[in-house]
Amino acid sequence: MFWDQNRKMAKALCASVAMIGAIAVASPALAQSLVVRSTGPSASQYPAGKKIAASGTITLKRGDRITVLDKGRTRVLTGPGTFSLSRQTTASQTSTRVASFVATGPRRRSRTGAVRGGNSELRAAPQNPTLATRSPNLWFVDVSRGGTHCIAKPEQVLLWRPDVRSDQTMTLSAAVGGMADIKWRRGSQVRRWPTDNISMQNGGAYSLQAGGEAKPVNVTVKLLPNMPEGLDATAEALLANGCEQQLDLLVDVLASDEPVDGEATPAAN
């Protein structure tokens, strides 16, 4: 019986070692780059959302321009040429700017001294109202643009407008019922989603109508089951749910945070 128990223990130990070895071997294979932007003749071969093994290569034609995301870093590949993705990269250390961009919930103070309000809104400096071109946060709902928008934390959704040069009132309405007026004062940029009047539903359709003859801005909401962990997971979630405008915004912010030599060079033959 003693020897039988020893043999069983030995077999169990061997099985455990084999499993650990298999995981160790498989781990490098799990490392992948994610295509997040693709234009040119090879766009159909390397569409946004395609995953490529870290040891793989990409062959591009003249006119191709592919952006891949790996460990929180973007790489731009421009054809023609064959590019290796096996470059050793360490996980990117998220800068304060990027971390603030992907965080949810109102922040306390902006770099211009604007106070992010505790209850209702974010007020930009009224003495210098501006027309912004890009949302300062990935999760803000841009009221000037429609489309599908991913939400990570419904209880913290903020409506953002790019133009703060004047007072403005918009009517937010849900396709299933519910309506609320969203009012901004001159210099005010962000207001909270009126959850008391309009609940946020996964797949729900909402309309933002400004006064006058302006056309309504239609938004479809996709609620994420949880907050994605890391920039790569965030990009995957946006791609999977068709939140293209947010993905473009994320890629632009990450690219602007990269070193100047961010473009890859063709792999040696």
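**Ground rules.** I worked on a predicted model, where local features need pLDDT of at least 70, side-chain atom pairs count only at pLDDT 80 or more, and totals for chains, interfaces and linings use all residues. Residues are numbered from 1 along each chain as its sequence is written, and side-chain values use heavy atoms, with hydrogens and water left out.

**Cavities.** A cavity here is a set of points, on a 1 Å grid over the protein atoms alone, where a 1.4 Å probe fits but cannot get out. Grid points are joined across faces, edges and corners, and a volume is the space filled by probe spheres set on the points. The largest cavity holds about 70 Å³. I counted 11 lining residues for it (an atom within 4 Å of a point). Those nearest its centre are Thr 104, Trp 139, Lys 153, Gln 156 and Val 157. Its lining splits into 6 nonpolar, 4 polar and 1 charged residues. For these classes, Ala, Val, Leu, Ile, Met, Phe, Trp, Tyr, Cys and Pro are nonpolar, Asp, Glu, Lys and Arg are charged, and the others, Gly among them, are polar.

Next I looked up the second largest pocket, with a volume of about 330 Å³. A pocket is an open set with protein on both sides within 12 Å along at least five of seven lines. Its lining has 22 residues, and Asp 142, Arg 145, Gln 245, Gln 246 and Leu 249 are the closest to its centre. Which element gives the largest share of this lining? It is α4, with 5 residues. The lining counts 8 nonpolar, 9 polar and 5 charged residues.

**Sheet.** I then traced an open sheet of 5 strands, in the order β9-β15-β14-β11-β12 with mixed pairing. Strands (E, at least two residues) and helices (H or I, at least four) are DSSP runs numbered from the N terminus, and two strands pair if DSSP finds at least two bridges between them. β9 and β12 are at the edges with a single partner strand each, so one side of each has no neighbour in the sheet. Inside the sheet, β11 and β14 run antiparallel and are joined by 5 bridges. Thr 171 stands opposite Gln 209 in β14.

**Ser 42.** My last stop was Ser 42, in the loop between β1 and β2.
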